[in-house]
Amino acid sequence: MMEHAPSLTRSDDSARESDSNSTGAHTPFDRSPFAYGQTYTIPPPGMDIIAALPQRVGTPQPSQFRAVLPDIMDPETAANVHIRTVCCIGAGYVGGPTAAVIALHNPHIRVIVVDRDQKRIDAWRGRHLPIHEPGLEDVVRLARDGGAEWYRSKSENEPGSTSDEVEAARQPNLFFSTACVETIKEADMCLISVNTPTKKRGVGAGRATDMAAFEGACRDVAMNAKPGCVLVEKSTVPCKTGQLMKDIMEAHRPGVVFPVLSNPEFLSEGTAVRDLMQPDRVVIGCESTISGHRAAAALANLYAAWVPRERIAPINIWSSELCKLAANAMLAQRISSINSISAICERTGADVGEIAKSVGMDPRIGPQFLKAGLGFGGSCFRKDIASLTYLSESLGLPEVAAYWQQVLTMNDFQRDRFARNVIATLNNSLRGKKITILGYAFKKNTGDARESPALDVIRILLEEGPKSIAIFDPLCSESDIQRELSVLEQDFAVCTPAGPVEVLSDPYAACADSNAILVLTDWDMFKVTPQQTAPTKLLSPAESYDGTTPSDILRITSNFDQQTSITKPPTPPRTPKMSPLPANLQRRLLPEPACPPECAECQTSLTGHGQNDKDILTPLVWADISKIIREPRLVFDGRGVLDPRAMVGMGFRLETLGRASLY
């Protein structure tokens with residue numbers, strides 16, 4: 001446990017920034033509040049020495065001390081901090097998009113993303129990016145490949161202009177490399193955005209944050225960065241990680257100044273580019289030192305290239321580290337809260353959708369994150385709440401830990417309840433039955449299969465020994481889904497050919513001959529469109545049954561059993577791609593280089609499994625699905641994306657979370 005916050009007990013670099021106050025005397029640091037490293041300074045005339053004494057961690061600094069620090073929001077504060085090269089350590093979901101947007105808006109700065117995974121770096125360099133985010137491809141192309149010359153016509157110039165103007169070609173300023181050490185050596189600022197998962201074993205397993213990769217990145221920076229390099233936390237880390245970074249720097253490079261900043265990301269997968277291009281806030285946490293404020297001002301200047309300065313929030317470094325955990329915990333809390341109400345609704349006949357709408361109309365609450373469903377998933381919410389509970393217990397706050405632990409408990413309860421209802425509706429047995437799962441990703445518009453609610457649902461279904469489980473997701477790759485499901489393999493195989501779970505690229509093939517369809521992701525393509533609301537007949541137009549008598553039901557079933565082939569709707573055209581770039585920048589995009597003949601992604605695309613061939617917006621034709629699913633055409637909506645009236649009109653039996661069953 002750290003005794004004092006670095007920003008409250010010392011300013012390691014202030015002695016180097018104020019030559020007039022330094023002396024050659026050597027005084028133990030803990031004996032003088034004005035000692036810096038191996039020297040101490042004479043208090044300025046008029047300063048209240050008692051007020052400037054070291055304070056307890058978390059105590060605001062005396063106003064006299066804060067008044068002498070430069071203003072972070074003043075661009076001139078960073079006049080002596082020259083940022084020419086930015087190194088982003090980690091080419092994942094945070095590092096890649098963040099570096100691309102910074103490079104796009106700061107063409108005069110070289111941004112280099114480094115990672116030890118050669119395959120991932122090659123993907124960032126090529127046509128097939130390793131992650132899917134709407135709009136990311138164009139941002140990366142323009143910053144990575146540069147832009148062509150643009151001839152602005154007379155009509156596009158200012159009024160009164162009589163000649164065409166030419167904008168020079170944009171030079172590439174976004175690079176991807178595995179040369180970590182070499183890149184760190186030349187960097188003026190290092191963004192650390194490596195993975196910080198939950199520990200799987202050891203002290204705090206299942207809750208504490210695994211800081212191994214983060215510590216490794218800090219050591220690489222400490223041993224290779226040039227003096228004065230600005231270190232920026234981008235990864236989600238526990239509070240007081242800034243002190244850990246300073247300790248690592250001091251251990252490897254004693255006496256060398258490395259300003260440490262905290263700049264948490266508030267990106268949402270599926271809208272990461274939009275969140276970066278139009279952020280609602282940019283939080284920058286820094287130490288209360290002159291060098292800390294100057295470094296924060298330099299980072300603020302990078303963001304100010306496209307973010308209004310009123311949206312940039314400079315705060316205390318400890319507050320910055322904790323605010324990311326607090327934000328995610330409160331969002332997850334809202335999800336668990338409405339899910340708890342959904343359970344009550346199912347027992348009483350109330351409609352959770354109507355409740356969420358009425359509650360959300362209260363301006364003190366708002367409508368966001370009040371949609372009942374399977375709960376939250378992904379790599380953030382669960383991990384961050386677990387880290388918050390562990391932090392609370394470590395600080396001797398068991399009541400706080402129990403409070404946030406209940407959010408996770410309710411989240412697990414919701415998906416378990418959903419799966420148990422599926423089994424109960426199918427007569428408490430899945431033997432010899434096929435289950436279809438539409439959507440594996442934890443949310444729409446992302447191919448991230450990590451920590452998906454579908455995993456827990458499949459785990460419970462497998463306990464009942466189903467004949468098969470067919471999974472369709474428009475973006476999650478088969479290899480990613482199989483890797484996530486591998487944690488379920490203990491006494492028996494899970495995935496085909498030895499197991500019952502199969503990942504399919506065709507939603508209609510996945511639904512064919514299924515006993516029940518489970519919608520587990522809120523993809524737009526799964527929603528029912530107005531054109532699909534008309535009832536459809538199972539039989540040919542020459543035959544008409546209303547299904548109201550036992551004889552009609554028998555004849556419908558007999559006709560279904562005689563079907564020998566499934567008519568698949570024609571493949572819809574690809575949905576037009578939306579670009580986040582303005583029209584003038586879109587015109588400057590250079591043609592993408594061709595992939596080598598041995599490109600695995602291109603080979604996958606030829607078989608219909610590649611991401612480039614997948615359309616995530618063209619809706620499913622539920623009327624056609626009603627013809628190929630077994631009676632009684634059970635559909636379980638775990639995301640609230642299906643309209644009950646429309647689905648019942650097409651002959652489906654719909655079960656929805658938060659609404660009492662009609663059957």
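Student: Which residue in β16 is the bridge partner of I435?
Tutor: A516 is the bridge partner of I435 in β16. Keep in mind that this is a predicted model.

Student: How do strands β13 and β16 pair, and over how many bridges?
Tutor: They pair in the parallel sense, over four bridges. Strand β13 covers residues 434-438 and strand β16 covers residues 516-519.

Student: What order do the strands of that sheet come in?
Tutor: The order is β15-β14-β13-β16-β17-β18. These six strands form an open sheet, and the pairing is parallel.

Student: Which strands stand at the edges?
Tutor: β15, residues 501-504, and β18, residues 653-656. Each has a single partner strand, so one side of each has no neighbour in the sheet.

Student: By how many degrees are neighbouring strands turned against each other?
Tutor: On average by 20°, with direction ignored.

Student: Which helix packs on the sheet, touching β16, β17 and β18?
Tutor: Helix α15, residues 398-425. The direction of α15 makes about 170° with that of β17.

Student: What do β14, helix α17 and β15 make together?
Tutor: A right-handed β-α-β unit. Helix α17 in that unit runs over residues 478-485.

Student: Where is P497?
Tutor: P497 sits in the loop between α17 and β15. The peptide bond joining T496 and P497 is cis, with omega at about 10°.

Student: Where are N445 and E451?
Tutor: N445 is in the loop between β13 and α16. E451 is placed in the loop between β13 and α16 as well.

Student: Is N445 buried or exposed?
Tutor: N445 has a relative accessible area of 17%, so it counts as buried, the cut-off being under 20%. E451 counts as partly exposed because its relative accessibility is 38%, which falls between 20% and 50%.

Student: New topic. How many residues are in the largest nonpolar core?
Tutor: It has 65 residues, and those with the most contacts inside it are I458, L485, L518 and W622. Helix α16, residues 453-462, gives the most to this core, with seven residues.

Student: What is L485 in contact with?
Tutor: Leaving out neighbours within four places in sequence, L485 is in contact with Y440, L455, I458, I471, V494, C495 and V501. There is also a second, separate core of 50 residues, which includes A99, V111, I284 and V307.

Student: How many disulfides does the structure hold?
Tutor: It holds zero disulfides. As for individual cysteines, C476 counts as buried because its relative accessibility is 2%. C511 is at 0% and so counts as buried too.

Student: Let's look elsewhere in the chain. Which helix is T241 in?
Tutor: T241 is in helix α9, residues 241-252. With a relative accessible area of 4%, T241 is buried.

Student: What does T241 touch?
Tutor: M211, F214, E233 and E321, not counting residues up to four places away in sequence.

Student: Last bit, the whole chain. How many helices and strands does it come to?
Tutor: The secondary structure comes to 23 helices and 18 strands. The chain has 663 residues, of which 48% count as buried.

Student: And the contacts with a separation of 6 or more: what share comes from residues 24 or more positions apart?
Tutor: Such residues account for 76% of those contacts in the chain.

How values were computed
Residues are numbered from 1 along each chain as its sequence is written. This is a predicted model: local features need pLDDT of at least 70, side-chain atom pairs count only at pLDDT 80 or more; totals for chains, interfaces and linings use all residues. Side-chain values use heavy atoms; hydrogens and water are left out. A nonpolar core is a set of buried Ala, Val, Leu, Ile, Met, Phe, Trp, Tyr and Cys residues joined through side-chain atoms within 4.5 Å. Buried means under 20% relative accessible area, exposed over 50%, partly exposed in between (1.4 Å probe, protein chains only). Helices (H or I, at least four residues) and strands (E, at least two) are DSSP runs, numbered from the N terminus. Contact means heavy atoms within 4.5 Å. Two strands pair if DSSP finds at least two bridges between them. Axes are lines fitted to C-alpha atoms, for helices over the stretch in contact, and angles run from 0 to 180 degrees between N-to-C directions. A crossover is right-handed if, with the strands pointing away from the viewer, the path from the first strand over the helix to the second runs clockwise. A disulfide is a pair of cysteine sulfur atoms within 2.5 Å.
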